[in-house]
Structure formats: C-alpha cells, structure tokens
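Dear colleague,

I am passing on a structure that you have not worked with before, and I would be grateful if you could read the notes that follow with the model open beside them.

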Amino acid sequence: MANGTPCECDGDRSRSDRVIGWTTILTVVLLAAIAATVSYRHLHMLAVRHGESSWSAALLPLSVDGMILAASMALLSDSRRGKRGGLLPWSLLIIGSLASVGANVAVAEPSIIGRAVAAWPAFALIGGMEMAFRLVRCSVSRQRCTHTTNDVDHLMDPQTGACSRHEPSRRKLQREAWEWATQNRGPDGALPRSADLARRFHRSLRWARLVKAAGAAGTFAREPAG
C-alpha cells in the first residue's frame with residue numbers, strides 16, 4: 001500500500017514458498033537418510049566380503065557418504081548464490097553416487113529386479129537433491145529479480161490497488177519521474193506522453209503509465225518527500 005504496508009498477496013506467496021521449501025527439505029533429508037542407511041549396509045557387506053577388517057569396513061561407507069555430503073553442501077552453497085555449481089563438487093557427487101550404486105548392485109540379488117531395487121535409493125537421493133538445488137536457485141533468482149526489475153512490481157497501481165515493496169531508491173525515482181512529468185506539461189496542461197517519460201528514465205512504457213496514474217491519484221503527494 002502507499003504507507004508501506006506489505007501486500008496480503010505477498011504474504012500468502014511467502015507462506016506458500018516456505019511450505020514448499022520446508023517440504024522439499026524434509027523430503028530430501030528423508031531420502032538422504034534412506035539412501036545412507038542402505039548404502040552403508042551394502043558398502044559394509046562388500047568391504048567385509050573382500051577381506052577388510054571390521055573397523056575399516058565400518059569406516060569405508062562413511063568416506064563415501066561423507067564425500068557425497070560434502071559435495072552436496074558445496075552445490076547447495078552455489079545454488080544459494082544463484083550458481084549451478086562447479087566441476088569439482090559435481091564430479092565428487094557423481095563419483096560418490098556411482099560408488100554407492102555400484103556397491104548396492106554388487107551385493108544385491110543377482111537379478112535385474114534385485115539390482116534395480118538395490119540401486120534405487122541412490123538414484124532417488126540424487127534426483128531429490130537436484131530438485132532442492134533447483135528450488136534454491138529459483139528462490140535466489142526471484143529475490144534478485146525483486147531488486148533489479150524495472151517494471152511495475154515496485155509501484156502501486158491506483159486502479160487495482162496492487163502494492164509495491166517501496167524500495168527507497170526506486171520510490172525516489174518514481175517521484176522524480178512524476179515531478180519531471182508535471183514540470184514538462186504541454187501548453188494545454190497535458191502531461192508528457194508515457195513513451196517520452198519511459199524514454200527519459202530508461203524504464204518500460206507500463207512503468208511510465210503507472211507513474212502517471214499514481215501521480216494523478218495523489219500517491220506521491222501523500223508520501224513524505226525523500
């Protein structure tokens with residue numbers, strides 16, 4: 001709203017995003033727990049079969065799962081910055097996942113179905129993690145768009161009542177645009193064309209139209225200057 005009160009629609013969207021985010025996180029955590037349990041058991045069995053001592057057989061699965069976890073955290077960190085992740089963490093994740101899948105298949109019942117069942121948890125984990133990374137990247141992209149967009153989501157539409165986020169610098173630009181428009185009226189008192197206003201401030205045509213509509217509705221006059 002004009003006084004800076006957050007939109008109800010923004011609150012609903014924020015709550016929905018949090019629900020989706022937490023649901024995805026909990027799902028990935030559950031998949032990780034299942035995959036780690038299955039993988040640990042199979043890797044331990046494989047190590048014992050091939051002559052490893054009890055303590056080394058107990059530690060070997062942790063090295064594989066630990067590498068997968070470290071690579072996953074690095075990729076998640078990259079996703080939070082809007083990046084897709086570097087070659088090294090992806091390589092380590094793939095290698096660790098292949099090692100886990102290989103161990104699962106090696107100790108599985110020697111049939112297509114048995115091996116598919118044994119390998120499935122690792123594949124499910126990889127797919128779930130990629131969905132989580134995608135969700136984080138989309139969230140970061142949306143936040144960046146909020147701060148960089150030149151369009152109408154930062155400006156109240158007096159016709160619909162849609163509210164803005166009121167970044168001070170953007171609101172100042174909108175006020176300056178309205179002041180320029182009022183100072184450059186035509187001989188008949190008409191405001192400059194929206195196209196001229198948009199060109200002057202390097203913004204979209206719709207942005208200019210909403211600046212004029214908001215100014216005509218007295219939005220900027222009701223707000224404190226600065």
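This is a predicted model: local features need pLDDT of at least 70, side-chain atom pairs count only at pLDDT 80 or more; totals for chains, interfaces and linings use all residues.

**What was found**

Met 45 is partly exposed, with a relative accessible area of 27%; here buried means under 20% relative accessible area, exposed means over 50%, and partly exposed lies in between, with a 1.4 Å probe and protein chains only.

Residues are numbered from 1 along each chain as its sequence is written, and side-chain values use heavy atoms, with hydrogens and water left out.

As for the protein as a whole, it has 8 helices and 0 strands, where helices (H or I, at least four residues) and strands (E, at least two) are DSSP runs, numbered from the N terminus. Of its 226 residues, 36% count as buried. Among the contacts with a separation of 6 or more, 57% come from residues 24 or more positions apart, a contact being heavy atoms within 4.5 Å.

In helix 2 (residues 54–80) you will find Leu 75, which is buried, with a relative accessible area of 1%. Leu 75 and Leu 88 are 13 residues apart in sequence, and their C-alpha atoms are 9.7 Å apart in space.

Which residues form the aromatic pair? A search of the whole structure finds 1 such pair, and it is formed by Trp 180 and Phe 201, in an edge-to-face arrangement with 6.2 Å centre to centre and 80° between the planes. (Rings of Phe, Tyr and Trp, the last by its six-membered ring, pair if their centres lie within 6.5 Å; planes under 30 degrees apart count as stacked, over 60 as edge-to-face and the rest as tilted.) The pair links distant parts of the chain, with Trp 180 in helix 5 (residues 168–183) and Phe 201 in helix 6 (residues 194–201), 21 residues apart. Both Trp 180 and Phe 201 are buried.

Helix 6 also packs against helix 7 (residues 205–216), at an angle of about 110° and with the axes 8 Å apart; the axes are lines fitted to C-alpha atoms, for helices over the stretch in contact, and angles run from 0 to 180 degrees between N-to-C directions. That angle makes helix 6 roughly perpendicular to helix 7, since angles of 65 to 115 degrees count as roughly perpendicular, under 35 as roughly parallel, over 145 as roughly antiparallel and the rest as oblique. The contact involves, among others, Leu 197, Ala 198 and Phe 201 of helix 6 and Trp 207 and Val 211 of helix 7. Ser 194, found in helix 6, is buried, with a relative accessible area of 14%, and, leaving aside its neighbours within four places in sequence, Ser 194 is in contact with Leu 205, Ala 208, Arg 209 and Lys 212.

The loop between helix 6 and helix 7 holds His 202, which has a positive phi of about 55° although it is not a glycine. His 202 counts as exposed, at 65% relative accessibility.

With kind regards
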